[in-house]
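Please read them with the structure open.

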Amino acid sequence: MKNNTPVRHQQFEEIHSLIEFRKSRAYQAINYESIFTNWEVGKYVSAKIKSSEWGSKVVDSLAQYLKEKDPTIKGFSRRGIYRMVRFYDTYTEPEFVAALQPQIVSALQTQLQLTESKNNIFVSAMQTQIGSTTPIQIQPNTDEFTLVSFLAQIPWYAHLEILSGCVNAPERIFYMLTTINERLDYRTLGRQIDAGIYERTLIGNNKQSETLKTTYPTAKNYFKDSYMVDFLNLPEHHNEKTLQKGLVEQMKKFVLDLGNDFIFVDDNFRLQVGMDDFYLDLLFFHRGLQCFVAIELKTTKFKPEYLGQLDFYLEALDRDVRKANENPSIGILLCKDANEQVVEYALSRSLSPTMIAEYKRQLIPKEILQQNLHFLEQENNDEN
């Protein structure tokens, strides 16, 4: 009798995938209605407060009334209702709406492309508003359905992290798109906000080679100039072997800082050139960019000669490992420290898609990152 076990296992996996897909759709539907409910409650109460018709005591009475009316209703305490008011007020501010407009079309179009129309709870309505040539126009207090449909792609607790942890519209939108694209849970999102991923991503653009920027124009969205390894508890003096071993053992936490599109391939990845063997510290594959990402670790200050070693590894990867349908490999030198001027000089002649980044043993205070970003913006404004 022929063994059909592999075929059946494949069929069983298809059924499991179907179940997981439907569970995901059910969760999205629940979150969708929850976000719309919170938006509408926030809008209603906000209008009453702004008109001075309601004060804090009335909101207290509302919370008590809802609790007595239906004890099963959760999230509508005094604190919860004021969170909904803030949710509505913040996301209808002209600054936020203006900053969101060019992003919302792209995000919703991507959502449409990734989801079957017949299964999406709001696709049919969205398709009447999103055309190939007609952009969505979002203005304050208009087209709320489109705006809230975008916000409904993000879980409520993630919105609370964004509202409490971000200071301006661009930062909030950055974390919204990150949450959608990487499907972050609110705890991971909170850690990214605390670690200043937004500031580090913007600051990091100066440490990428021109070849990387040209070959991968969106690379600035995926790479930073510093990565946090605070979870390793490294001593001041440590070697590359200790750093590498710690990252491999704590790979899940490291990938959270890198980004969910990074897939870990191997450590000490062997590259054979001629009769010699060479070993790459860490090798990843990036799903979004469809390329290998090679990371070389250096526990010393950046030196220009390190780039030659990384270029060699990238050449070996592209010649002997990369497949025809994959893009050129990207190299990251992860160093303990890097002088900006030395980095600039070294990268100016680099012909490979490479970048220099620092690893930080301790979490950088977000205030420091914001100051550095402010100084960088001032320098750019002075140059212009």
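This is a predicted model: local features need pLDDT of at least 70, side-chain atom pairs count only at pLDDT 80 or more; totals for chains, interfaces and linings use all residues.

1. Residues are numbered from 1 along each chain as its sequence is written, and side-chain values use heavy atoms, with hydrogens and water left out.

2. The six strands of an open sheet follow the order 1-6-5-4-3-2, and their pairing is mixed. Strand 1 (226-228) and strand 2 (262-273) are the edge strands, each pairing on one side only, and the twist from one strand to the next averages 35°. Helices (H or I, at least four residues) and strands (E, at least two) are DSSP runs numbered from the N terminus, and two strands pair if DSSP finds at least two bridges between them.

3. Strand 2 and strand 3 (residues 276-286) run antiparallel and are joined by ten bridges. Phenylalanine 264 stands opposite phenylalanine 284, which belongs to strand 3. The side chains of arginine 270 and aspartate 277 meet in a salt bridge at 3.2 Å, N to O, the term standing for a side-chain nitrogen of Lys or Arg within 4 Å of a carboxyl oxygen of Asp or Glu. Arginine 270 is partly exposed at 45% relative accessibility, and aspartate 277 is likewise partly exposed, at 36%; here buried means under 20% relative accessible area, exposed over 50%, and partly exposed in between (1.4 Å probe, protein chains only).

4. Helix 13 (residues 251-258) lies across strands 1, 2, 3, 4 (291-301) and 5 (327-337), running at about 65° to strand 3. Helix 14 (residues 305-320) lies across strands 2, 3, 4, 5 and 6 (354-360), and runs at about 155° to strand 5. Axes are lines fitted to C-alpha atoms, for helices over the stretch in contact, and angles run from 0 to 180 degrees between N-to-C directions; contact means heavy atoms within 4.5 Å.

5. On the surface, Phe12, Ile15 and Ile19 form a nonpolar patch with about 310 Å² of accessible area together, and phenylalanine 12 lies in helix 1 (residues 5-50). Patches are made of residues with over 30% relative accessible area and no salt bridge, like charges being joined within 9 Å and nonpolar side chains (Val, Leu, Ile, Met, Phe, Trp, Tyr) within 5 Å. Accessible areas come from the Shrake-Rupley method with a 1.4 Å probe, and for residues only the protein chains shown count as cover.

6. The structure holds 16 salt bridges, and one of them joins the side chains of glutamate 144 and lysine 43 (3.0 Å, N to O). Glutamate 144 lies in helix 6 (residues 144-151) and lysine 43 in helix 1, so this pair ties together parts that are 101 residues apart in sequence. Glutamate 144 counts as buried at 18% relative accessibility, while lysine 43 is partly exposed at 35%.

7. Which residue forms a salt bridge with lysine 50? The partner is aspartate 89, at 3.2 Å, N to O; lysine 50 lies in helix 1 and aspartate 89 in helix 3 (residues 78-91), so parts that are 39 residues apart in sequence are tied together. Lysine 50 is exposed at 59% relative accessibility, and aspartate 89 is partly exposed at 23%.

8. Threonine 299 lies in strand 4 and is buried, with 14% relative accessibility. Leaving aside neighbours within four places in sequence, threonine 299 is in contact with His238, Asn239, Glu240, Leu243, Lys336 and Tyr359.
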